[in-house]
Amino acid sequence: MQAQINPHFLYNTLDAIVWLAEEKKTDEVVSMVTSLSEFFRTTLSAGRDFITVKEEESHIESYLQIQRFRYEDIMEYEIDICPEIYDFLIPKLTLQPLVENALYHGIKNKRGKGKIKITGKKEGDKIIFHVMDNGRGMDESTLRKLRETLNNDDNKIDRKDSGFGLVNVNQRIRQYYGKEDGLSFESEENKGTIASVIIRAKKIEPFS
């Protein structure tokens, strides 16, 4: 799971830090190093499979702060997660792959500046997250193939495939919570994509 973190993300971030240091931009260096440290602290999480929603929020905040340095001309973001769900446990790295997908497959392919918005709230006995972007979107054929991939429980997707992170998220959620929960997508070409995560709102222990 942790191996899905794109090594190019780390390399590019370190290159940016070196450039900032050479330019003697001390405050920016401190900010980038702090964000990178927080990002990998949550990724490792002392071996825990589950973290709090608050920790997951901090994780994607660190990721987006780093990426904003590289993509400030084309990306803005907003995180709006209801504080009442902060203490619930969710599988770690649930939202980051969705945010990464929104950036690389939505915003980067859009003309002009785009926006990623992450929301989270409790509805009944469920916690519902949305990762929305107003980027390139998908045509009906691409969206259908993505849904089929996510719903194929026997899927053996290669980790080098661009959809590996999404399948990983969906399979882990279903492993812990059952097939009623998981990941779904809505998208419209040239208008954007909404990735939704539904998880039962209960503090469960991870499998040993």
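**Exercise 1. What does the accessible surface of the chain come to, and what percentage of it belongs to carbon and sulfur atoms?**

Begin with the basis of the values: this is a predicted model, in which local features need pLDDT of at least 70 and side-chain atom pairs count only at pLDDT 80 or more, while totals for chains, interfaces and linings use all residues. Residues are numbered from 1 along each chain as its sequence is written, and side-chain values use heavy atoms, with hydrogens and water left out.

Step 1. The accessible surface (Shrake-Rupley method, 1.4 Å probe; for residues, only the protein chains shown count as cover) comes to about 11,300 Å², and 47% of this belongs to carbon and sulfur atoms.

Step 2. Of the chain's 208 residues, 46% count as buried, where buried means under 20% relative accessible area, exposed over 50%, and partly exposed in between, with a 1.4 Å probe and protein chains only.

**Exercise 2. Describe the open sheet and the helices that lie across its strands.**

Step 1. The chain has six helices and seven strands, taken as DSSP runs (H or I of at least four residues for helices, E of at least two for strands) and numbered from the N terminus.

Step 2. Five of the strands form an open sheet of mixed pairing in the order E2-E4-E5-E7-E6, pairing being counted where DSSP finds at least two bridges between two strands. The edges are E2 (75-81) and E6, each of which pairs on one side only.

Step 3. E2 and E4 (residues 114-123) run parallel and are joined by seven bridges, with Ile79 standing opposite Ile118 in E4.

Step 4. Helix H3 (residues 53-71) lies across E2, E4 and E5 (126-133), at about 170 degrees to E2, whereas helix H6 (residues 164-177) lies across E6 and E7 (192-200), at about 20 degrees to E7. These angles run from 0 to 180 degrees between N-to-C directions, the axes being lines fitted to C-alpha atoms, for helices over the stretch in contact.

**Exercise 3. Why does Glu186 count as exposed, and which residues is Glu186 in contact with, leaving aside neighbours within four places in sequence?**

Step 1. Glu186 lies in strand E6 (residues 182-188), and Glu186 counts as exposed because its relative accessibility is 52%.

Step 2. With neighbours within four places in sequence left aside, Glu186 is in contact (heavy atoms within 4.5 Å) with Arg147, Gly192, Thr193 and Ile194.

Step 3. The side chains of Glu186 and Arg147 are joined by a polar contact of 3.2 Å, that is, a pair of N or O atoms within 3.5 Å, of which, within protein, one must be able to donate a hydrogen and the other to accept it, residues adjacent in sequence counting only if both atoms are side-chain atoms.
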